[in-house]
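Here are some notes for a first look at this structure.

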Amino acid sequence: VLGTSVTHYANYDSGFSHVYSLFAITSFLYFVKLYFIHFSIRHFWLACIFLGLIFILRQPNILIILFVPFLAGSFVNLKNGVLKVFKNRLGLFIGLFLFTGVTLIQLMLWYLQTGKFFVYSYQGEGFNFADPNFINILFSYKKGLFIYTPILLLTLTGLIWFAYKKKYYQLSTWFLFFVILTYVLSSWWSWFYGCSYGLRAYIEYYPIFFIPFAIMLNESRTLIKVFAVLIAIPLIALNIIQTYQYKEFILHWVTMDKDAYWSVFLKTEDKYKGFLWKENIDLDRYTTIKELDLGDFFVANNSEKILYEGNTKLIPNFNNVNLIQLYFDNEFAKKSDAKILLKIGDIKNTMKYYSHEKYLIQFQSDKLDHWQTGSFNYSFEPFEDSLSDKILTLSISTENKAENIKNLKLKFLQLKEN
């Protein structure tokens with residue numbers, strides 16, 4: 001649990017269906033396995049109930065049926081289990097009735113809400129089975145399963161164990177299910193499944209990864225178990241750090257790539273919060289009112305310096321301004337803890353109309369630790385109080401490192417009239 005995104009989706013994003021589907025699928029797998037051990041019709045019925053729950057929670061998860069051959073343990077056991085169900089016609093009917101009864105819960109809700117028994121809630125969205133993103137869904141820095149849940153790579157050693165022990169039935173049935181599952185999930189039009197942490201569509205299928213791993217550990221010597229734990233510990237730590245990064249807006253929810261991932265790897269400091277979250281603004285919608293060229297500044301370490309201070313009456317039509325752009329050149333060093341503050345207050349400094357403070361490194365436009373032009377767009381609604389004098393102040397505070405700010409510019413813009 002601590003090594004997977006269950007920690008995140010059970011706590012922070014619990015509105016998604018995945019942890020509930022995880023419960024339903026885990027229960028289904030448990031009772032199916034019990035059925036193939038004891039051939040008890042009661043276990044078959046319980047599996048049918050949970051299969052119905054799986055279906056109404058997330059319809060594509062009905063694919064879990066294809067994992068049943070693995071749970072049977074052998075082709076002979078699978079054949080015997082299936083035959084026993086079909087020979088017990090009453091038991092089979094009851095199982096189908098229980099499955100249908102659970103699915104009717106959702107169908108009746110749809111009917112009461114819309115007047116229709118079947119509702120497709122993903123209008124305009126669907127699967128593209130001719131163009132699956134097989135590699136991306138597993139290894140992409142955007143949302144790849146093994147990038148954001150690397151402990152699952154460790155669990156794949158269970159497959160190596162199957163091959164070593166010549167358990168080819170388990171190996172082939174597991175691998176076939178995984179390929180089919182990944183093909184279907186990666187064929188969704190948005191293979192990265194929108195704004196979220198990691199590849200959330202696999203969460204309910206975590207048991208299929210850990211079952212082979214558990215079988216391997218159960219049959220292994222103590223040394224292998226200890227080795228597995230030693231590898232798991234840093235992977236657990238990495239997962240906890242990454243879920244914290246996502247919660248604190250250090251990891252971006254949709255635009256991650258290789259450079260972005262490594263630029264914030266294991267970073268938890270406040271200065272990285274929002275580091276990757278720059279807002280893209282369509283500047284064609286704005287007209288420039290005035291631009292101020294403020295020049296160059298040197299700011300010693302552990303100090304504060306005002307870079308600009310002036311009455312907003314010096315800016316034509318300031319009360320129509322929607323956007324202030326700040327540009328400057330800097331090396332944007334990773335070790336810098338400097339902050340830049342833009343605030344607008346009254347002339348007596350008793351009222352604050354607007355205030356926004358950002359770490360200097362968050363103005364970067366490229367990789368850190370080299371000279372570049374950085375910028376930020378301060379967006380706000382025009383001020384209703386158009387009569388009072390207002391003072392705009394731009395200042396910087398440094399800590400452990402001195403800063404050179406070059407070619408500092410302020411640009412004032414307003415939205416074009418429709």
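1. The cavity lining. Lys142, Lys143, Tyr148, Ser196, Tyr197, Gly198, Tyr246, Leu251, His252 and Met256 line the largest cavity. Please keep in mind that this is a predicted model. By class, this lining of the largest cavity holds five nonpolar, three polar and two charged residues.

2. The cavity volume. The largest cavity has a volume of about 40 Å³. With a threshold of 30 Å³ or more, the count is one cavity.

3. The largest pocket. Its volume is about 720 Å³. The lining of the largest pocket is made up of 29 residues, and Arg58, Gln59, Pro60, Ser121 and Tyr122 are the ones nearest its centre. Helix H6 (89–114) and H3 each contribute at least two residues to this lining. The lining of the largest pocket divides into 17 nonpolar, nine polar and three charged residues.

4. The helix pair. Helix H2 covers residues 18–38 and helix H3 covers residues 41–57; they pack at an angle of about 155°, and their axes are 8 Å apart. Angles over 145 degrees count as roughly antiparallel, and H2 and H3 are therefore roughly antiparallel to each other. The crossing of H2 past H3 is left-handed.

5. The helix contact. On the H2 side, the residues that meet H3 include Phe23, Phe28, Phe31 and Tyr35. Among their partners in H3 are His43, Phe44, Phe50 and Leu57. The residues of the contact of H2 with H3 comprise 17 nonpolar, four polar and no charged.

Key. Residues numbered from 1 in each chain as written. Predicted model: local features only at pLDDT ≥ 70, side-chain atom pairs only at ≥ 80, totals over all residues. Heavy atoms only, no water. Axes fitted to C-alpha atoms, helices over the stretch in contact; angles between N-to-C directions. Helix = DSSP H or I, 4+ residues; strand = E, 2+ residues; numbered from the N terminus. Parallel < 35°, antiparallel > 145°, perpendicular 65-115°, else oblique. Left-handed = near helix turned anticlockwise from the far one by under 90°. Contact = heavy atoms within 4.5 Å. Nonpolar A, V, L, I, M, F, W, Y, C, P; charged D, E, K, R; others polar. 1 Å grid on protein atoms, 1.4 Å probe; cavity = no way out; pocket = protein on both sides within 12 Å on 5 of 7 lines; lining within 4 Å. Points joined across faces, edges and corners; volume = space filled by probe spheres on them.
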